[in-house]
Amino acid sequence: MDAEGRFVGRDLTGRYTGAVVDLRTVSVAVHAAGGGMEAVPDSTEPAPWPRNAYLVVADGGPTRVVLRTADGHEYRVDYRVVAELLKHDPEHSPDAPIVWAVDRAGDLDQTGVRSAADALGVPSWAADGIVRMLAGPDGASSPARVHSQNGAMPLGQWTVSAPGLMPPDEDSDEPGQWLYEEDGTRHWVLDHDLITRTIPHHESHESTGRSFHAGAEWAGKRETRSRHLLEATGTVHGYETDGEFIRTGEGPKPWVGMPRETQIYVFTGHGDKYGRTWWRAWVGDDPVDLWSPASTAGQYLRRRPSLARMRARASAGRPVVVLAMRCETASLPVWATDPLSGTEPAQEYANHSGVRVLAPTWEVSTAGVRGSRSGLEFRLELGPQGEPGRWIEFRPEPGGERLARLAWDMGLPTGPGRQANDMLGWHTLRLVRALRRVFGPQAEEDVGLVRGIGALERLRRADPVLAAAGPFTMAFFDLAARELLGRSAADKMDPAAYRNLLRRAEAWEEASPGAALTHHIRLPAVVHAARLLGGRGLDGGRGPAPASEHGAQRD
């Protein structure tokens, strides 16, 4: 009970029975030199939950709570069992949110506290670290997050889970994914066996993302900064040498230009130059680092309840964006030779999650702002050739009826049968990707660009040599734009140069129906390369994958 004698919770451990509890404050504790716990100076602050919150102190973990009977027996039960007991607790008001003072109750995917929130119809509050009831100067005990003795484990953060974040009961098959060890050994890992931590919003404490960093990586600055990523002031470019980051330039934060009410979901962990997404998961009793293709990560994101809640709230002025804080996710894997293959990890995230993704081209991290105690900025390291890193936006690629409509607008020829339609979709998607690489993630919304690239493709196909060289490629697009303007390979090109080519292509086709592109511009280098390649494409572009591998998963 509190200092006024009101019941404010239940102690299922037997250690705090009769203690005075103050739920108005929270703090951070450390292990004292002489044993026991003591508060970190100046760590006491107002509690994030409402004043009518109801406390449950128990032993347990993320998925189970320990119940003790009068005869001394212990039972590890589901959180829903405790929720059912709370329904019959005369001291618990039906509208009072629950504060779970249980170690790591908010860890992993929070299925325990979220199932309790659903069962009771009220929010659940929990931390993803160690929690103890710590007595203050007035003798009243309050919940405190506890630093590990060696500082190697995360402190944990308070997160609130509203009802409705659990999958429907009819989803009986537990979701999971195939993940791989470096040697190719694969494991089927259920979502609740992934070692992940919630990233709560700094004000609402609702989940705004997931971290897959190891505990020692996450502890300290990375954990603290995660809550304030959305307050970052900008991006700095540079490189690291001898432990020092050398700044070479500055830029805006990645979501600059988006609506003020944009909802951002953070997906942080590790990526690599091979296009792999890295995870940490329990395999048996061991925590193991595993990888997956990017498509697996996109499917996982689509299953995330907090992201689904954002999507349900979305509107034109309140879009949803995933911030992929994973290195090199906006770059093609080193094994990809075709820029129009759509194999950037972030593109796979977008295609399979159904939401927009912001991702870095090279290594990414965060750092405090010089001269500021609380400011935060993103760091993007330079690329292999010394080029500045970039944030790139990816949107789900069109499929189905939308892709068919784009093919119609481009004027691409159709044929009978499924194979012809698959080929048409594959070629159309390559043209969409070419437009996006030059004009941005929604380039296909510009009817002029769509018609222009359709005209350019028909002119290209009208030339026997160019048509035999393979599909439309970025190398061809770039060389044609340069040839039209008389630019060399060393000259920098801007979108206006490509737009000029597309406008001219429409005009050429109208003036000389059926004529080949080389009737209008010479393209000696392209023609020579096409003859040498003989159907392999200037970028190594090949024919389409089987139907199930393209278009089927797209929104």
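In helix α12, which spans residues 474-485, D478 and R482 are four residues apart and are therefore separated by about one helical turn. In this predicted model, the two side chains form a salt bridge, with their closest N and O atoms 2.9 Å apart. R482 is buried, because its relative accessible area is 10% and the limit for that class is under 20%.

A second salt bridge joins the side chains of R356 and E393, at 2.8 Å from N to O. R356 lies in strand β24 (residues 356-360) and E393 in strand β27 (residues 391-394), so this pair ties together parts that are 37 residues apart in sequence. R356 is also buried, with a relative accessible area of 16%.

The side chains of R80 and D78 meet in a salt bridge as well, with a distance of 3.1 Å from N to O. Here the arginine has another setting: R80 counts as partly exposed, at 48% relative accessibility. Elsewhere, R15, D59, R68 and E74 are linked in a network of salt bridges. The count for the model comes to 33 salt bridges.

The discussion now turns to the packing of helices. Two packed helices are described by the angle between their axes and by the distance between those axes. Helix α8 (residues 400-410) and helix α10 (residues 447-461) pack at an angle of about 65°, and their axes are 8 Å apart. The two helices α8 and α10 are therefore roughly perpendicular to each other. On the α8 side, the residues that take part are L406, D409 and M410; they meet V450, R451, I453, G454, A455 and R458 in α10.

Helix α7 illustrates how far a helix can be covered. Eight of the nine residues of α7 are buried, so the helix is mostly covered. The buried residues are P345, A346, Q347, Y349, A350, N351, H352 and S353. After α7 comes G354, whose phi is positive, near 85°.

The loop between β23 (320-325) and α7 (345-353) holds V334. V334 is exposed, because its relative accessible area is 51% and the exposed class covers values over 50%. Together with Y274 and W335, V334 makes a nonpolar surface patch of about 350 Å².

Another exposed position is found at G284, which has a relative accessible area of 64%. G284 is placed in the loop between β21 (277-283) and β22 (286-292). Although G284 and D193 are 91 residues apart in sequence, their C-alpha atoms are 9.5 Å apart in space.

These local features belong to a protein whose secondary structure comes to 14 helices and 27 strands. The protein has 555 residues, of which 50% count as buried. Its C-alpha atoms fill a box of roughly 90 × 55 × 45 Å, taken along the principal axes. The accessible surface of the protein comes to about 26300 Å², and carbon and sulfur atoms account for 50% of that surface. Among contacts between residues at least 6 apart in sequence, 66% join residues at least 24 apart.

Key:
Residues are numbered from 1 along each chain as its sequence is written. This is a predicted model: local features need pLDDT of at least 70, side-chain atom pairs count only at pLDDT 80 or more; totals for chains, interfaces and linings use all residues. Side-chain values use heavy atoms; hydrogens and water are left out. Buried means under 20% relative accessible area, exposed over 50%, partly exposed in between (1.4 Å probe, protein chains only). Patches are made of residues with over 30% relative accessible area and no salt bridge: like charges are joined within 9 Å, nonpolar side chains (Val, Leu, Ile, Met, Phe, Trp, Tyr) within 5 Å. Accessible areas come from the Shrake-Rupley method with a 1.4 Å probe; for residues, only the protein chains shown count as cover. A salt bridge is a side-chain nitrogen of Lys or Arg within 4 Å of a carboxyl oxygen of Asp or Glu. Axes are lines fitted to C-alpha atoms, for helices over the stretch in contact, and angles run from 0 to 180 degrees between N-to-C directions. Angles under 35 degrees count as roughly parallel, over 145 as roughly antiparallel, 65 to 115 as roughly perpendicular and the rest as oblique. Contact means heavy atoms within 4.5 Å.
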